[in-house]
Amino acid sequence: MYRKDVNARSPLRILEQSIHGGLGKGNLGVLVAPAGVGKTACLVQIGLDDLMRERDVVHIALGQTVEYVSAFYDTLFDDLAAQSALEDKDAVKDSVSRRRAIKTYKDGASFSPLRLEDALQLFTKHMQLKPAAILIDGYDCPPSGLPTALEAFKATAKRLGAELWMTVTAPRGFLSPVNQLPAPLEGCCASLVDVALFLEPRGSHVALRLLKDHGEARPPETHLELHPDTLQIIPEGQVPAPKRLPTAGFTLLSGGAPGAETEFGLCAERWGLAETNFSFAGRGPVRSRGMVELTEDELVMGDVSSTYLKAHMHRSYPSTPLFRRVLQSIWHQVNTAGEVFSIGQITPDGTVKGGTGWAVELARHWNKPVHVFDQDKRDWFCWLDGRWQPVEPPTITRERFSGTGTRFLSDEGRNAVRGLFERSFGSPKS
């Protein structure tokens, strides 16, 4: 298969039919998604779409390294080439690398339109690039200065005849209403955005929706299901198989509590994974790396009645406000996770002992892959065909996964967590 026919599973193929032939030169497209839901992978897919058509791309990454972004391009290109039987893969990969320029900055606040101009002049002079697309990942500008910055970015793209794509992190709880953009794009910035895409995690896949389609009053429904790791279109009826992305592209979702959750967090940091620990006011988790303090409104999203809890867990839990908030925060740990790992004890009725057993129950209820290391039996179990079955020690396969379990972590449990990371990612970075 030749390169022009390869990227048929790029989200842009179907979106081009919806958004009047594409984004358009000098126009601004934004990728909106909650933290850790594939914005970088989707942006790389947009870049690859141009690169495979022999068009130059400039990729600006804030808060990342060149090695990290390059690894994403290489991984997604290799996956694309493998599934499409690409002819002369090595030559095409070399062409893709030569047409791609990656520039990184320490953080989003350090980047500006002037720095973009400087980078483009550098690439034009030394690499003779004429970008068809400018991609900016992780830009973080104070709301007061954002309209001026976006106008300047768009002016640069228009001068070069390039499309401009940027990522935006949606606030937690953003419901993606039609023609409404999240902060900080709402208000005066909305008119500067020509196309807005929303990535929404839905269990085994990511749904893509059009929030804004140029001047259309009601953007068409896309009904696109994307692979949770690669952000490619999933063919109808196909179950998405896990893909191996760069280590830094994985995110541990946890609560940072003592015991198993702390061990999961220590391993995530040691192996170079991102980490999100959900907490709330008045709770002091051991792990503060990547801590997200949930608001009262956000906690309510994970509310569960004591009657429902007792019916499913076959036991009563403390009725204190603190424990209620713990259960509510566990809902956030599991909600956007692709799979769940827990350390603890499986009881005779099939539930997992302790409060974190609620994470396992939620995973089962939502049909998410769930593994439990039983510290008494010293073995891994997976929920299959309606029962717990012993399995070979698992690996982490999803970009976002939840790690939880007992506060009373044994040496066997600690070794189980460390073994999980070593099987999944090889030797630790430190």
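This is a predicted model: local features need pLDDT of at least 70, side-chain atom pairs count only at pLDDT 80 or more; totals for chains, interfaces and linings use all residues.
1. **Pairing around β6.** Both senses of pairing meet at this strand. Strand β1 (residues 28–33) pairs with β6 (residues 195–202) in the parallel sense, over four bridges. Here leucine 31 stands opposite leucine 197 of β6. With strand β7 (residues 205–213), β6 runs antiparallel, and eight bridges join the two. Within that pairing, proline 201 has valine 206 of β7 as its bridge partner. As background, strands of a sheet pair through backbone hydrogen bonds, either parallel or antiparallel.

2. **The α5/α6 pair.** Two packed helices are described by the angle between their axes and the distance between the axes. For helix α5 (residues 113–127) and helix α6 (residues 146–160), the axes come within 9 Å and cross at roughly 25°. Angles under 35 degrees count as roughly parallel, so α5 is roughly parallel to α6. On the α5 side, the contact uses Pro113, Leu116, Glu117 and Leu120. On the α6 side, the residues are Ala149, Ala152, Phe153, Thr156, Arg159 and Leu160. By class, the contact residues divide into seven nonpolar, one polar and two charged.

3. In α4 (residues 89–98), Val92, Ser95 and Val96 are buried. These residues lie on the same side of α4, because they cover an arc of only 100° around the axis. An α-helix has 3.6 residues a turn, so residues three or four places apart point the same way. Asp90 and Arg98, on the other side of α4, are exposed. The cover over the buried residues includes α2 (39–51), α3 (66–84) and β3 (100–105).

4. **The β11-to-β15 sheet.** A further open sheet of eight strands also has mixed pairing. Its order is β11-β10-β9-β16-β12-β13-β14-β15. At the edges stand β11 (291–294) and β15 (387–390). Each has a single partner strand, so one side of each is left without a neighbour in the sheet. The twist averages 25° from one strand to the next.

5. **β9 with β10.** Strand β9 (residues 251–254) pairs with strand β10 (residues 274–280) in the parallel sense over four bridges. Threonine 251 stands opposite alanine 274 in β10. Leucine 253 stands opposite threonine 276, also in β10. Six of the seven residues of β10 are buried, so the strand is mostly covered.

6. **Helices on this second sheet.** Helix α10 (residues 321–335) lies across β9, β10, β11, β12 (339–344) and β16 (400–405). Relative to β10, α10 runs at about 150°. Helix α12 (residues 411–425) packs on the sheet too, touching β12, β13 (370–374), β14 (379–384) and β16. The direction of α12 makes about 155° with that of β12.

7. **Glutamate 263.** This charged residue deserves a look. Glutamate 263 sits in helix α7 (residues 260–271). Buried or exposed? At 5% relative accessibility, glutamate 263 counts as buried, the cut-off being under 20%. Not counting residues up to four places away in sequence, glutamate 263 touches Leu409, Arg414, Val417 and Arg418.

8. **Helix α11.** Eight of the nine residues of α11 (residues 357–365) are buried, so the helix is largely enclosed by the rest of the structure. The buried set is Gly357, Trp358, Ala359, Val360, Glu361, Leu362, Ala363 and Arg364. After α11 comes asparagine 367, with a positive phi near 60°.

Conventions
Residues are numbered from 1 along each chain as its sequence is written. Side-chain values use heavy atoms; hydrogens and water are left out. Buried means under 20% relative accessible area, exposed over 50%, partly exposed in between (1.4 Å probe, protein chains only). Contact means heavy atoms within 4.5 Å. Axes are lines fitted to C-alpha atoms, for helices over the stretch in contact, and angles run from 0 to 180 degrees between N-to-C directions. Angles under 35 degrees count as roughly parallel, over 145 as roughly antiparallel, 65 to 115 as roughly perpendicular and the rest as oblique. Ala, Val, Leu, Ile, Met, Phe, Trp, Tyr, Cys and Pro count as nonpolar, Asp, Glu, Lys and Arg as charged, and the others, Gly among them, as polar. Two strands pair if DSSP finds at least two bridges between them. The arc is that of the directions from the helix axis to the C-beta atoms.
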